Amino acid sequence: PVTGWLGKITDYNLLNLSLWISDKEILQSETGRLIILPKIALRILKRYLQYLKAGAVDASRVNLDISARYQQAITGEQHLFFFITDDAIEEVTPSTMAAHFDSVLPLPLNWHRHYVRSLLFKKEIHPELIAAWMGHAQLNEPAFTRFSSYAIGDLNKISNLINKKLTSINCKEISFV
């Protein structure tokens with residue numbers, strides 16, 4: 001993560017479970033990739049959106065800036081995730097994430113991506129597909145272009161494997177409101 005951890009709501013298509021991820025620029029052009037979200041991630045995201053709506057209403061009585069930031073996350077004007085520290089908005093960056101998470105989960109900020117990479121490798125997903133899913137494109141060859149041999153079915157297989165793992169460890173959505 002650099003800034004805007006997990007993007008804006010406008011990067012998500014909740015109908016087809018997809019997330020568009022902006023990757024680093026390659027040769028002066030914008031590149032990105034599409035991944036299919038695990039079903040549990042969609043359920044969690046929907047609950048989070050409920051939380052944002054409730055937060056916007058609750059904060060409107062005490063802090064209009066925080067209420068506005070909730071609303072901006074809902075509309076896609078700002079990134080979905082942010083911190084509220086001492087009644088102030090704190091955007092997500094590697095340093096703010098480390099400040100909030102290091103005492104609870106002292107792991108590198110990208111450990112989850114590499115854990116999933118190992119999981120997919122053990123499930124015999126082709127290494128090139130794993131690299132493409134992670135955004136590790138070869139120089140001048142973004143993975144998901146019109147001439148790519150990867151298909152939505154490949155992305156669905158990855159999504160289903162991740163969903164199965166998350167379900168096996170009892171990961172589930174919680175109600176905030």
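**Helix packing, salt bridges and a surface patch**

Helix H4 packs against helix H6 (residues 152-168) at an angle of about 110°, and their axes lie 11 Å apart. This angle makes H4 roughly perpendicular to H6. On the H4 side, the contact is made by Tyr115, Val116, Leu119 and Leu120, which meet Ile158, Leu161, Ile162 and Lys165 of H6. The model described here is a predicted one.

Tyr115 also belongs to a nonpolar patch on the surface, together with Val104, Leu105, Leu107 and Trp111. The accessible area of these residues together is about 470 Å². Trp111 is placed in H4, which covers residues 111-122. Its relative accessibility is 34%, so Trp111 counts as partly exposed.

Turning to charged side chains, three salt bridges are found in a search of the whole structure. In one of them, Arg69 pairs with Glu91, with 2.8 Å between the closest N and O atoms. This pair links distant parts of the chain, 22 residues apart: Arg69 sits in helix H2 (residues 64-75) and Glu91 in strand S5 (residues 88-91). Arg69 is buried, because its relative accessible area of 2% falls under the 20% cut-off, whereas Glu91, at 32%, is partly exposed.

A salt bridge also joins the side chains of Arg43 and Glu173 (3.2 Å, N to O). Here too the partners come from distant parts of the chain, with Arg43 in helix H1 (residues 39-59) and Glu173 in the segment after H6, 130 residues apart. Arg43 is partly exposed at 40% relative accessibility, and Glu173 is partly exposed at 23%. Asp58 and Arg61 likewise meet through their side chains in a salt bridge (3.8 Å, N to O). Asp58 is partly exposed, at 46%, while Arg61, at 62%, counts as exposed.

Notes
Residues are numbered from 1 along each chain as its sequence is written. This is a predicted model: local features need pLDDT of at least 70, side-chain atom pairs count only at pLDDT 80 or more; totals for chains, interfaces and linings use all residues. Side-chain values use heavy atoms; hydrogens and water are left out. Patches are made of residues with over 30% relative accessible area and no salt bridge: like charges are joined within 9 Å, nonpolar side chains (Val, Leu, Ile, Met, Phe, Trp, Tyr) within 5 Å. Accessible areas come from the Shrake-Rupley method with a 1.4 Å probe; for residues, only the protein chains shown count as cover. A salt bridge is a side-chain nitrogen of Lys or Arg within 4 Å of a carboxyl oxygen of Asp or Glu. Helices (H or I, at least four residues) and strands (E, at least two) are DSSP runs, numbered from the N terminus. Buried means under 20% relative accessible area, exposed over 50%, partly exposed in between (1.4 Å probe, protein chains only). Axes are lines fitted to C-alpha atoms, for helices over the stretch in contact, and angles run from 0 to 180 degrees between N-to-C directions. Angles under 35 degrees count as roughly parallel, over 145 as roughly antiparallel, 65 to 115 as roughly perpendicular and the rest as oblique. Contact means heavy atoms within 4.5 Å.
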